[in-house]
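This report walks through one protein model, with the sequence and the 3D structure alongside. Please keep both in view while reading, and look up each residue as it is named.

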Amino acid sequence: MKITFRIQVVLTLLAGIIAQAQDVVKASFLAEAWDVDARQHRFEEYKGKKALYLENGRALLKGTSFTNGTIEFDIAFAQKRNFAGINFHIQDTLNYEEYYLRPHQSGNFDAMQYTPVFNGNAAWQLYHGEGYWSAFQFRFNEWMHVKLIVLGNKMQVYIQDMEHPILNVTDLRLGELNGGIAFWTFLGAAHYANLTYQESDNVVLKKSKSVEDQTAVPTGVITSYEVSKAFPAKNLENVTRLEQLEIAITTKITTEPTGLLNLSRISPVRDDTNAILARFNIVSALDEEAKKLEFGYSDKVNVFVNGKLVYSGDNSFRSRDYRYLGSIGFYDAISLNLQRGQNEVVFAVTERMGGWGVMAKLSD
């Protein structure tokens, strides 16, 4: 009886494992399998493979449902300025995870990029460095094989070398979601072929010492804000006192573990919704007290302390030189002249492109 019971338990466990690992799905490269919205596209033979040519647009594979497992495909492109890659965990046309290659940055530290997309706004200025980008030397006008392994909120990416991951993403910012898969390009074109995906909770991520989980909150980081609704950035012109705006700040929001407040989670970016107020308070027990506030922002900011404008800055892409990225970080600082009791700090943050956010920390 005991042996029979053990056999039944083993069979039950095996059945569960098999159920979690579905068959590999191979995508058809026929027009009816895809929803395409692009400047140009065509299904054709390219360098011996049935392929999709996609120029400045998106091709959604119909009927996909992917959470954890592997996604593999071949890609080829010319040595031109271009952004070409894949979306997954697609919730709708405005919210998904994004991984892409930059042919024009071949060999550079940002040859590839992972970024979440919230409300249609890719945030490569907010998510940068190890865990978000990596160097790679591309082969041009030739097929390259790409594999993504996704498990929970982590992802590893392989290109050509299927033994050693080229990118280790420790925190997929949309979280563990189920959604669709799509190819996309921007400012250029690419060929795609041999797309396969397999849903499985049993994939294995290789250990990597190069990237640590970004879960520990740095000392002094502000982790909670109150924010306004989005409004037109033009309303900030010539404003030196916060009361001139007459905008309510009512919604409480918590930052990501790093202290980053991604404002694209709150609103899409349009001409009439491209600025947001983000407020936190500091209590001082002294009649007069000075504290250093380090902060980062994207793309522009006006800082108000107790209602008065004390700082304005522009961190936009290419605002300082042709290669200036406008990446966010604790790169700016001001001295806060605090009064006894509650003191109010408000960031008025404006977005242009590439990531809408703010982060701040107090130093003793």
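## Terms and basis

A residue is called buried when its relative accessible area is under 20%, exposed when that area is over 50%, and partly exposed in between, as judged with a 1.4 Å probe and the protein chains only. The model is a predicted one, in which local features need pLDDT of at least 70 and side-chain atom pairs count only at pLDDT 80 or more, while totals for chains, interfaces and linings use all residues. Residues are numbered from 1 along each chain as its sequence is written, and side-chain values use heavy atoms, with hydrogens and water left out.

Helices (H or I, at least four residues) and strands (E, at least two) are DSSP runs, numbered from the N terminus.

## Salt bridges

Side chains of opposite charge can pair when their charged atoms come close. A salt bridge here is a side-chain nitrogen of Lys or Arg within 4 Å of a carboxyl oxygen of Asp or Glu, and the structure holds 15 of them. One of these joins R279 and E344, with 3.2 Å from N to O. R279 lies in strand β17 (residues 275–298) and E344 in strand β20 (residues 332–350), so this pair ties together parts that are 65 residues apart in sequence. R279 counts as buried, at 17% relative accessibility, whereas E344 is partly exposed, with a relative accessible area of 22%.

K206 forms a salt bridge with E163, and the closest N and O atoms are 3.6 Å apart. Because K206 lies in the loop between β13 and β14 and E163 in the loop between β11 (154–159) and β12 (167–169), the pair ties together parts that are 43 residues apart in sequence. Both count as partly exposed, K206 at 38% relative accessibility and E163 with a relative accessible area of 49%. The side chains of E243 and R241 also meet in a salt bridge, at 3.7 Å from N to O; E243 is exposed at 59%, while R241 is partly exposed at 35%. Elsewhere, D171, R173, E256 and R265 are linked in a network of salt bridges.

## Nonpolar cores

In soluble globular proteins, nonpolar side chains tend to be buried together. A nonpolar core is taken as a set of buried Ala, Val, Leu, Ile, Met, Phe, Trp, Tyr and Cys residues joined through side-chain atoms within 4.5 Å. The largest such core has 47 residues, of which I75, Y99, L148 and F183 touch the most other members, and β13 gives the most to this core, with six residues. A second, separate core of 26 residues includes L263, V305, Y311 and V345.

Contact means heavy atoms within 4.5 Å. Leaving aside neighbours within four places in sequence, L148 is in contact with G69, T70, I71, F73, I86, F88, Y99, M155, Q156 and V157.

## The largest pocket

A pocket is found on a 1 Å grid over the protein atoms alone, as an open set of points where a 1.4 Å probe fits, with protein on both sides within 12 Å along at least five of seven lines, and its lining residues have an atom within 4 Å of a point. Grid points are joined across faces, edges and corners, and a volume is the space filled by probe spheres set on the points. By this account the largest pocket has a volume of about 720 Å³.

Which residues lie nearest the centre of the largest pocket? Of the 35 residues that line it, these are E98, A122, W124, W184 and F186. The elements that give two or more residues to the lining include β2 (34–46), β3 (49–61) and β13 (180–199), and the largest share, four residues, comes from β5.

## Backbone details

Most residues other than glycine have a negative phi, and most peptide bonds are trans. A cis peptide bond joins S298 and D299, with omega about 5°, and D299 is found in the loop between β17 and β18 (300–305). K47, in the loop between β2 and β3, has a positive phi near 50°. R318 has a positive phi near 65° and sits in the loop between β19 (308–314) and β20, where R318 counts as partly exposed at 45% relative accessibility.
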